[in-house]
Amino acid sequence: MENYFNYFTEIEEHYQRRRGTLLLLSTLDWALIETWKNAGIPLEAVLRGIDAAFDKYDQRPSKSKKVNSLAYCSQAVLAAAEDMKEAAVGAASDATLPKIPGFDVAAIVSYLRGNAAKLEQAKLPERPGFDTGALAREAAGSLREIAGAIERAGSLPRLEDLERRMTVLEEKLFAVLMAATPDEELVNLRADADRDLVPYRRNMTAAQIEQLHKQYVRKRLLERCGVPRLSLFYMH
C-alpha cells in the first residue's frame, strides 16, 4: 500500500470542500477512512469517488437532504478504485506516488514525545492480571527512546520501518485495553457501533461492515481512555 501519510486530512478536506460546509467527520467516518486505508485504496481513488458521488448528487432535481456522511460516497470510492486498478495494470510507477510533506526530524521527535506524554496521562482501566498502566509507561518509554535516537542521529529512519514500530506498540496497547475493559462497557460500545452502522449497510459488503465495526470499536475505546493513535498517519 502507498504510504499516504496525509491520507486522512486530504480526504476530510476534500469531502468538506465538495459538501460546501465545514462538517466535522464522525467517529464512524474516520473508521471508514481507516478501512479504505487498510484495504490499500489509493488516495486518488477516494478523492475521485467523492467527486463522482457529489457530481451525481448535484444532478438530482431535489436536494432537500444534505450529504451528512462519507457512507454516501462509499460505492463511488470502490468503483473509482476498481477503475484505477484496471487502468494501471502493468503500469505502476514510483513517479505517480505522492511526496510526503512535513516529515522532518523536529516534527517526528515532537510527535513521538507528545504521544509519550499523552500515554502517561491516559486513564486506563485496571483489572487483575492486566497491568495496563505498566504497559502504557513502557510504550511511552519506547517512544521517548526512539525520539532520542532520531534526534541524536539528526536524520529520519525509513518511515515504513518507523510506522511498523508504531503499529506494534499500538496493537499491544489495544490488546491489553480490550482485556482490561469491563465486559459491559465493550457490549455498550458494540451496541453503539451496531446502531451507527445502520446507514452504512446499504452501501457496503458484509466483510467491509465487519471491518468498519472493528475500527469503530477500536477508535471509541482508545478515545475513551485517552490513548493516542501512534501511527504516523495521525501526525497532522
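The exercises below work through a predicted model of one protein chain.

**Exercise 1. The overall fold**

Determine how many helices and strands the protein chain has, and what pattern they follow along the sequence.

*Solution.* 
- Step 1. Count the elements. The protein chain has nine helices and zero strands.
- Step 2. Read them in sequence order. The pattern is α-α-α-α-α-α-α-α-α.
- Step 3. Check burial. The protein chain has 236 residues, and 44% of them count as buried.
- Step 4. Check the range of the contacts. Take those with a separation of 6 or more; 81% of them join residues 24 or more positions apart.

**Exercise 2. H1 against H3**

Find how the axes of H1 and helix H3 (residues 43–58) cross, and which residues make the contact.

*Solution.* 
- Step 1. Recall what is needed. Two packed helices are described by the angle between their axes and the distance between the axes.
- Step 2. Get both values. The axes of H1 and H3 come within 10 Å, and they cross at roughly 15°.
- Step 3. Classify the angle. Angles under 35 degrees count as roughly parallel, so H1 and H3 are roughly parallel to each other.
- Step 4. Assign the hand. H1 and H3 cross in a right-handed sense.
- Step 5. List the contact residues. H1 contributes Tyr 7, Glu 10, Ile 11, His 14, Tyr 15, Arg 18 and Arg 19. H3 contributes Leu 43, Val 46, Leu 47, Ile 50, Asp 51, Phe 54, Asp 55 and Asp 58.

**Exercise 3. Gln 16 and Leu 22**

Decide whether Gln 16 is buried or exposed, and do likewise for Leu 22.

*Solution.* 
- Step 1. Apply the cut-off. Buried means under 20% relative accessible area. Gln 16 has 11%, so Gln 16 is buried.
- Step 2. Find the contacts of Gln 16. Leaving aside neighbours within four places in sequence, they are Thr 21, Leu 22, Leu 23 and Leu 24.
- Step 3. Exposed means over 50%. Leu 22 reaches 68%, so Leu 22 is exposed.
- Step 4. Look back along the chain. Glu 12 is ten residues from Leu 22 in sequence, and their C-alpha atoms are 9.6 Å apart.

**Exercise 4. Helix H6 and its ends**

Then describe its packing and its flanks.

*Solution.* 
- Step 1. Pick out buried positions. Among them in H6 are Leu 135, Ala 139, Leu 143, Ile 146 and Ile 150.
- Step 2. Find the partners. The buried residues of H6 pack against H5 and helix H7 (159–180).
- Step 3. Step past the end. Gly 154 follows H6, and its phi is positive, near 70°.
- Step 4. Step back before the start. Gly 129 lies in the loop between helix H5 (105–121) and helix H6 (132–153). Its relative accessible area is 78%, so Gly 129 is exposed.
- Step 5. Look across space. Gly 129 and Ala 179 are 50 residues apart in sequence, yet 9.5 Å apart C-alpha to C-alpha.

**Exercise 5. Cysteines**

State how many disulfides the structure holds, and whether Cys 73 is buried or exposed.

*Solution.* 
- Step 1. Recall the bond. A disulfide is a covalent bond between the sulfur atoms of two cysteines.
- Step 2. Count. The structure holds zero disulfides.
- Step 3. Check Cys 73. Its relative accessible area is 0%, so Cys 73 is buried.
- Step 4. Check Cys 225. At 6% relative accessibility, Cys 225 counts as buried.

Methods: Residues are numbered from 1 along each chain as its sequence is written. This is a predicted model: local features need pLDDT of at least 70, side-chain atom pairs count only at pLDDT 80 or more; totals for chains, interfaces and linings use all residues. Side-chain values use heavy atoms; hydrogens and water are left out. Helices (H or I, at least four residues) and strands (E, at least two) are DSSP runs, numbered from the N terminus. Buried means under 20% relative accessible area, exposed over 50%, partly exposed in between (1.4 Å probe, protein chains only). A disulfide is a pair of cysteine sulfur atoms within 2.5 Å. Contact means heavy atoms within 4.5 Å. Axes are lines fitted to C-alpha atoms, for helices over the stretch in contact, and angles run from 0 to 180 degrees between N-to-C directions. Angles under 35 degrees count as roughly parallel, over 145 as roughly antiparallel, 65 to 115 as roughly perpendicular and the rest as oblique. A crossing is left-handed if the near helix is turned anticlockwise from the far one by less than a right angle, and right-handed if clockwise.
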